[in-house]
Structure formats: C-alpha cells, structure tokens
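Here are a few friendly notes to read alongside the model. Take them in any order you like.

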Amino acid sequence: MTMTQRLLAVLRTPLGIASMVTLGALLFLAIFAPIIWGEQAAVTNASQISQPPSAEHVFGTDGSGRDILLRTLVATRLSIVMALTATIIGIVCGVVLGLMPLVLGGRAGRWLVAGINIGVAFPGLLLAIAFSVILGQSAMAASFAIAIAMMPNYGRLVHNLAASVWGRDYVSAALVLGVPKRQIVFRHVLPNIRDPLLVNATLTAGGTLLAFAGLSFLGLGVQVPQYDWGRMLNEGISRIFVTPTLALVPGMAIILAGMTFVLLGEVLNRTLRTGVQRNLSSRLLKKLKLSRAENAAEVKRRGENIATDASSDTVLSVRGLKVFAPQGGTSLRPLVDGVSFDVGRGEIVGVVGESGSGKSLTLMSIAGLLEAPLHVTSRSASFDGEDLVLSEEGHPRSLDHHFGTKLAMVFQDPMSSLNPALHVGTQVAESGLLHLDMSKAEAKDAAIERLNAVKIPDAERRYSQYPHEYSGGMRQRAMIAAGLMGKPSLILADEPTTALDVTVQAGILKLLKQINEEDGTAIMFVSHDIAVVTSLCTRVLVMYRGRIVEDISSEELRNGNAAHPYTQALMATVPTMESPRGEAMASIPDDADFSGTSPIGVIEAVMPPTGAVRLIDFEGALK
C-alpha cells in the first residue's frame, strides 16, 4: 500500500474526518476571516459596551462595543501565522542543532551535545519569556523567542533519533564508501528519522500556539492595535465576572486550534506507522556528485597510485594496533592489544576467536569506523602503499578515495546493511557517483552490471526495489556489489554469513571465492565457524583477548599442526564425522587460562589440568 492509499484509508475513519473538518475550518478562517469580517470586527459602539450575548452579537461585546465572536475569528490569522512561524524556525534550527554533533564528531560534537543538554534543563516557557524581554515586545520577537526556547528540546530529540540511526551498518557502509558525513546525514539519517519528526512537529505546533498566546497574554507578544487570541485573553481576564465570554471565547479558540494540530498528528502517525520507503529527490542525488574537474584530477591521481603500488605484494600492513576503552576515571582497558599482521594481494585471511576477542574491532579500526570514547593507536599501518593513520577520528581525508574504490566492507547483518529508505540500486551506485566521475545514468548502468555480477536475478528491475523486497542473501550480495563498483584491493568481511541459512551461506562464500580468484582481491574474513574459515581462507589469524596468538596456514590448521594451546582448544571444539555419538562435545573449560602476561607478541598459555606452559613468539616473524 502506497503512502497516498494509506492516507486516504486513514482519512475515511472518524478520526480522519474530524481532523480534516477542523483543519479545513482553521485554514478557512486564517485565510478569509480578516477579509470577510475584518472591518466589522474593528467597529466600536459606545452604546453597546460589554453587552451580554444576543441575537445581534452571539457572544456579546467587549469594553469598546466590538463583537467578541468576530474579533476571535479575525484573530485566527495572526495567532496561527505567528505560531507556525515560531514552529518552523524552531524545528529547522533544532534539526540542524541535533545533527551537528554527528557532522562535527570528536570533542566539538561532545561539547555541543553538552550545550544542548544544558539548554534542555531550563523550562521552555521561562526561556521564551527571557528571550522575549531581550528581543523586545512584538509579535515577531515573541516568535523568535519561542523558537529559541524550542531548539534545545527539539535538538536533543533529533540527536537521539539520529544517533540511533548513526550506529547502523548502512551508515558504516557509507563511511567505508567515502561518503562525507554531512551527506550521510542528509542521505541516510534524515530519511529514517523523518516520520517521528513530522508527527512531533504537528504536536509542537499545538504547544507553540499555546506558548505564543501565553506571551501575548503577558503583554510580551502582539501589541495594540493588533490582536490575537492571547491579547484578547489579556483584555478579557480583568472583566471575566462582567463579560465572561470575553475571555472564554478566545480561550476555546486556542483549545480547538490546539486539538486540530493534535488530530493532524494522530492522522500522520497512523499513516506513517508502518514506515514509508521512498527514494530521495533527484536534486539531493545531484548534490552528491563532485565537480567534474575535481573528479578528473582524482581519477588521474588514483590511476598513478595504482600503477605505483602494483609491484607491492602487501595490500595491508598493520603494526601494534591497539584499541582502548575507558574504565573508570582516566584509566583505559585494552580491547585490542598490540595486533600486527600483513595481508598479501590475492590472499584470503581468516580471523577466528571467541566473542570479545577483538576480531570485529580490528576490522572496524582499519575501516576507520571506531569513534570516541574508544581510543585507537598503532605504531604504523599502510594500505595499498600509502600510510594509514588508525585513530578514533576515522580515516584521514587524504585516503578518502581508497574507501570508495579500493576498500570494501561486508557487514554481519544483511537486514541492517542497506538503508531501508533508499532504493538498493541507488545505494550500489553511490560509489560511482562519488568517486568514479560517473553521471547518474552511467552509475545506474554500472550498478546494474554489478548486481548481475553477484547473481542478483532480474537486476534491472530490482535496481529500483527497496531492501525489504530483497531476501537476506540478496541483501548481502547487493552489499558486495556496492563494494565492487570500484576495483577493491581488499574486502573486509565481518562475519558476512552468520545471519544467513546454510544454503545462502554457501552462495556468499562461493561468490567471495570467485571475486578473489577472478579479480585478485584480498579478503579478511572474520567468522566463528572454523570449518568455513579453513575451507575458504589461505591463512588464519587466531585472536584471544585482543591479541593474535597464532598465525597459521589453513592447511596446517586442518592437519592439526596448531602450536598454541588456545588454537588447539578451538579446533577440538569443532565436531567432525568421526566425533563419537552419545558423548558430550568438546568445549573450552571455564578455568582455561590463556592470558598473556609477557611482552606483546609473547603469549604465556596455561592449559589445565596439566598446567603445561608454552611460549610462542609471533611478533618476531613480523619485525
């Protein structure tokens, strides 16, 4: 069901009918009431001052003999326009304020979040009154004051929603593709937080209407000779016992207008409840393209780099990689502790180890996906012949072109690897638009070709489908296709088959093997499944508690020639066809101690119950 169909279905309900009737009446009065009754509402009559309700004046007259009902109807325009003005300004500024910490990142982003939280601590109405006094007593000043008071709350709402999206795999994938953060915010974050923001905006409009009326009631908003509902309340409160309708009628108008916005918000909520999948406008897509001149120079420089690095046999080299997490006060706890390794061209390197051993953190550090409070350092690192600075601030801008053309990443969960608000083909084509100087049509053709290459059936039709229309295996293939838009030297595969069934796993593994053999692409493959790793990979890195305790060829590992006790224990837990039935499967005992107490690279391993000790130095081979 499309958005229009859902909206029409909701509008046919009693709620929808009521909201449309009240909204239509409010719009009619805001547009036409001053035109139809403006002059009559301004006529004073000294002979009819403070008259009670009558046939001529349905709700009586005020202290100047003016008709209360007509004045209330005419005041609709100014009341609604000023409230909507404040709402629009406050929401736009609040959205920008809430998204800025994601764009800035680091310390600046954290300070901005702290400032938002301080602003939220102050009551909104008090802030509005304070800024209204500072800006002056006028309708526009009151609107700006309310907008300023609204910004911290809306900013925190937007930041919380955006932060929940920022951690998704499809945002990480966009970062790996080299998409600038500001474009990720507009392309990947905003479409996914749009629905709650729209609903909240309608509710905010109702609250803003009440706040603006409150400022006018206090004499800080609309000034004579203009009047709105709040100004009318100010005039009528002193005569409420003489002419109660003078205050009750504008008060009821505020309530009814506020209910209209609440009803509209509920209609939007029901319409958007199931979520709406749609593509961004073509204008936003055009903004993603770099200038032709910059792209031409970049492509030329990239070609020179590729030619220069072709003689190198190592695509990735890392020395002394460490990842720390804060642990009370100023102390840091190592999560990855001095990891060093090389990945050769055309090599498939498996990374195995129990959960929490640092496998995924190592890959994410290489891809520049770790942020504060995690702290990343390394003695040295290079990718495709260029120095790579590994830190919590992400990859350096000088290597952005690598992260869209030479480096690809496949994430664990295919359900979250693609942005649900964008067409799959658009996301696959993104790298071509950003890094390969392709036009929109060229990027589309290349994306369809890549989708065909990874065995997506009917790729041209599926280009325009959304991720929810793909199966899990197809999503994973689409992610691989996005990485293949360039000619990647390295694919980082972080447990790419864990969430898939066995038959789909086999297809993904076969595809990775095919890419490796045909294009010479190196692959780092993280998995818990040692059987899969030994069958796919040429070499295996075994990690334990943030360290690489063994670097061994798959053949040696299959033949049972592992040297480290932890590797031996892992292999012993893998069931085989010869495993005796009726006996408990092998497992690593809870009291097994493989902790490293000696210098980095020299691991002391104690395997109970024998207490045998082995010292193995893997760092020496890398120095």
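Which residues does S79 touch, not counting residues up to four places away in sequence?

1. S79 touches L209, D228 and W229, where contact means heavy atoms within 4.5 Å. S79 sits in helix α3, residues 68-104; helices are DSSP runs of H or I, at least four residues, numbered from the N terminus. S79 is buried, at a relative accessible area of 2% (buried means under 20%, with a 1.4 Å probe and protein chains only). A polar atom of the S79 side chain lies 2.9 Å from the backbone oxygen of A75.

2. A word on the source: this is a predicted model, in which local features need pLDDT of at least 70, side-chain atom pairs count only at pLDDT 80 or more, and totals for chains, interfaces and linings use all residues. Residues are numbered from 1 along each chain as its sequence is written, and side-chain values use heavy atoms, leaving out hydrogens and water.

3. The largest nonpolar core has 125 residues, and L316, F341, L490, M524 and F525 have the most contacts inside it. Such a core is a set of buried Ala, Val, Leu, Ile, Met, Phe, Trp, Tyr and Cys residues joined through side-chain atoms within 4.5 Å. Helix α6 (residues 139-166) gives the most to this core, ten residues. Apart from this core lies another, of 19 residues, including L209 and W229.

4. Helices α3 and α6 pack with axes 5 Å apart, at an angle of about 35 degrees (axes are lines fitted to C-alpha atoms over the stretch in contact, and angles run from 0 to 180 degrees between N-to-C directions). The residues of this contact are 21 nonpolar, seven polar and no charged; Ala, Val, Leu, Ile, Met, Phe, Trp, Tyr, Cys and Pro count as nonpolar, Asp, Glu, Lys and Arg as charged, and the others as polar.

Note on methods
Buried < 20%, exposed > 50% of the residue type's maximum accessible area, 1.4 Å probe, protein only. Helix = DSSP H or I, 4+ residues; strand = E, 2+ residues; numbered from the N terminus. Polar contact = N/O pair within 3.5 Å; in protein donor to acceptor, adjacent residues only side chain to side chain.
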